[in-house]
Amino acid sequence: MSVAQNPETKLMEKIRSLPPDKITVLQDFIDFLLTRSEADVLVDTTTKLSEPAFAKIWDNREDAEYDEQLEESADLYAEIYKED
């Protein structure tokens, strides 16, 4: 009865079986994944930190009135140009 290998061991075996040129490609891909992951965290954090500042700017009556007018215009346009 063989002992089940953990995913890390299986992955390391596969990596060891690769030719050197493929190892280089794999390293580049891993670097890409790490960079992308870091960028995603940075964007999420920046977005969360910006929310209070944007709320002060966007949460006002003038914008609400504009949004209502825009919605009414869109509804009117849709009614005039609806397909029969």
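The report below takes up helices, salt bridges and aromatic side chains in turn.

The model is a predicted one, in which local features need pLDDT of at least 70 and side-chain atom pairs count only at pLDDT 80 or more, while totals for chains, interfaces and linings use all residues. Residues are numbered from 1 along each chain as its sequence is written, and side-chain values use heavy atoms, with hydrogens and water left out.

Helices here are DSSP runs of H or I with at least four residues, numbered from the N terminus. Helix α2, residues 20-58, has 39 residues and spans 54 Å from its first C-alpha to its last, close to the 57 Å expected at 1.5 Å a residue, where the expected span is 1.5 Å times one less than the number of residues. At E51, shortly before the proline P52, α2 has a kink of about 40 degrees, the bend at a residue being the angle between axes fitted to the seven residues ending there and the seven starting there. Helix α1, residues 7-16, contains E8, whose C-alpha is 48 Å from that of K56, 48 residues away along the chain.

The structure holds three salt bridges, each defined as a side-chain nitrogen of Lys or Arg within 4 Å of a carboxyl oxygen of Asp or Glu.

| Salt bridge | N to O distance |
|---|---|
| R61 and E65 | 3.4 Å |
| R61 and E68 | 3.7 Å |
| E79 and K82 | 3.6 Å |

Salt bridges that share partners join R61, E65 and E68 into one network. Within helix α3, R61 and E65 lie four residues apart, about one turn of the helix. R61 counts as partly exposed because its relative accessibility is 47%, in a scheme where buried means under 20% relative accessible area, exposed over 50% and partly exposed in between, with a 1.4 Å probe and protein chains only.

A search of the whole structure finds two aromatic pairs. One of them joins Y77 and Y81 in a tilted arrangement, 4.6 Å centre to centre with 45 degrees between the planes; rings of Phe, Tyr and Trp (its six-membered ring) pair if their centres lie within 6.5 Å, and planes under 30 degrees apart count as stacked, over 60 as edge-to-face and the rest as tilted. Y77 belongs to helix α3, residues 61-80, and is exposed at 54% relative accessibility, while Y81 is exposed at 56%.

Conventions. Helices (H or I, at least four residues) and strands (E, at least two) are DSSP runs, numbered from the N terminus.
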